[in-house]
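Morning, everyone. Please look at the model first.

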Amino acid sequence: MDFNVHQRSAPSQPELFEDTSTPQQQPSRAQPQAAPSFQQYGQYIQDPMVANMAMQYGSSLATSGKAYVEQNLDRYIPVSRVKFYFAVTTDYVVHKLMLLLFPFLNKEWGAYNNAGGEPTRHLNSPDLYIPVMGFATYVVAVAVALGNQGKFTPEMLGMTATTAFVWLMIEIGIVQLAMYLISVSTDIKIFDLASFSGYKFVHMIVCVVSAMVLGSTGYYLSFVYSSAAIVYFLICTLRYIILQTPPKTE
């Protein structure tokens, strides 16, 4: 007699560890979109509508920037006043150079109209064109002189320009300090002082050129004459401004 033993299946026990033998499908994640390539940007730029919008925006930005600069620049730099000192003509420059080099021949020394007169109207009025051009020419002349002696280096240009500019500022500062200490009441402006102080570069160029052409003898002779010429010019010009004496014809 067969006895069929019916075995009851044991109740399923909870798994203590997760079965990781079979791979499980992870939930899909959204992939980040790739950034536009350079070629796509090029296509955007080549689009006529985009190009026109960029041009209009750039034009409006430049116009607004220019208007802002024009409105606020005069607060810090008197542009209109600086333009007045560069309002010169060729005839004025030639005659002013002759006056600087040969002031002993001039017979008319008078006060200039500092408020509204232009350099082209009065020979004795100061300008900044000759000092600026004289400064640049002096630096080049010194470089040529050093080159003839075999001592030129590119750094000498910067050193010469810096030294000349610093001494010019020191000279202007000393003059202003002296006028303040002695309580001089005058209408002379800072640009006038810069102009009169910068005229000496014309005579310095003469000294450098004389040294290159005539040697040390020519240098010392031109130095003595140039010093006397610039002193005579400044005395005859500034005495009507600082001392407030009436102009006269000598």
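Start with one definition: a residue is buried under 20% relative accessible area, exposed over 50%, and partly exposed in between, using a 1.4 Å probe and protein chains only. Now the ground rules. The model is predicted, so local features need pLDDT of at least 70 and side-chain atom pairs count only at pLDDT 80 or more, while totals for chains, interfaces and linings use all residues. Residues are numbered from 1 along each chain as its sequence is written, and side-chain values use heavy atoms, with hydrogens and water left out.

Next, pairs. Rings of Phe, Tyr and Trp (its six-membered ring) pair if their centres lie within 6.5 Å; planes under 30 degrees apart are stacked, over 60 edge-to-face, and the rest tilted. How many aromatic pairs does the whole structure hold? The search finds 10.

One of them is Phe104 with Tyr232. Their centres are 5.0 Å apart, their planes 35 degrees, so the pair is tilted. Phe104 is partly exposed at 37%. Tyr232 is partly exposed too, at 26%.

Now Tyr219 and Tyr220. Their ring centres lie 5.3 Å apart and the planes meet at 70 degrees, so this pair is edge-to-face. Buried or exposed, or in between: what is Tyr219? Tyr219 has 31% relative accessible area, so it is partly exposed. Tyr220 has 54%, so Tyr220 counts as exposed.

There is also a cluster: ring pairs link Phe84, Tyr85 and Phe191.

Last, a charge. A charge sits over a ring if NZ of Lys or CZ of Arg is within 6 Å of the ring centre and within 35 degrees of the ring normal. Lys200 lies over the face of Phe201, 5.1 Å from the ring centre.
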